[in-house]
Amino acid sequence: MLTPKYPQSDTHTFTPASHNTVPTPVPTERLSESSPAVAPTRSGVVDAVRANPVVAITGTLVVGAVVTSMLLAVAITALALSVSGVVLLVLVRILRQELNR
């Protein structure tokens with residue numbers, strides 16, 4: 001059977017560090033005027049497109065295909081709902097005519 005384990009009392013006391021805790025500055029290397037400036041590194045989509053324009057064309061085609069398929073899905077859904085509405089309207093009218101006879 002499992003028994004709960006309670007925390008034990010703290011018998012040791014905290015003593016602060018006796019050495020100097022002030023951080024020492026880290027020396028930095030200076031660039032000489034003769035050394036070339038370091039260009040910032042870039043990564044991501046922009047570099048991929050610049051390196052290979054096929055990536056841009058492929059990305060555009062993929063985004064276009066997704067947008068087109070979504071629009072087509074919305075259009076098909078709207079068409080199906082309108083056809084269903086017309087069928088229900090016709091059925092309700094036929095039912096009313098049958099009940100009036």
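Is Arg101 buried or exposed, and what is its relative accessible area?

1. Arg101 is exposed, at a relative accessible area of 76%. The classes, with a 1.4 Å probe and protein chains only, are buried under 20%, exposed over 50% and partly exposed in between.

2. This is a predicted model, in which local features need pLDDT of at least 70, side-chain atom pairs count only at pLDDT 80 or more, and totals for chains, interfaces and linings use all residues. Residues are numbered from 1 along each chain as its sequence is written, and side-chain values use heavy atoms, without hydrogens and water.

3. The protein chain has two helices and zero strands (DSSP runs numbered from the N terminus: H or I of at least four residues, E of at least two). Of its 101 residues, 0% are buried.

4. One salt bridge is present (a side-chain nitrogen of Lys or Arg within 4 Å of a carboxyl oxygen of Asp or Glu). Arg101 pairs with Glu98, with 3.9 Å between the closest N and O atoms. Glu98 counts as partly exposed, at 48% relative accessibility.

5. Ile94 lies in helix 2 (residues 53-100). Ile94 is partly exposed, because its relative accessibility is 44%.
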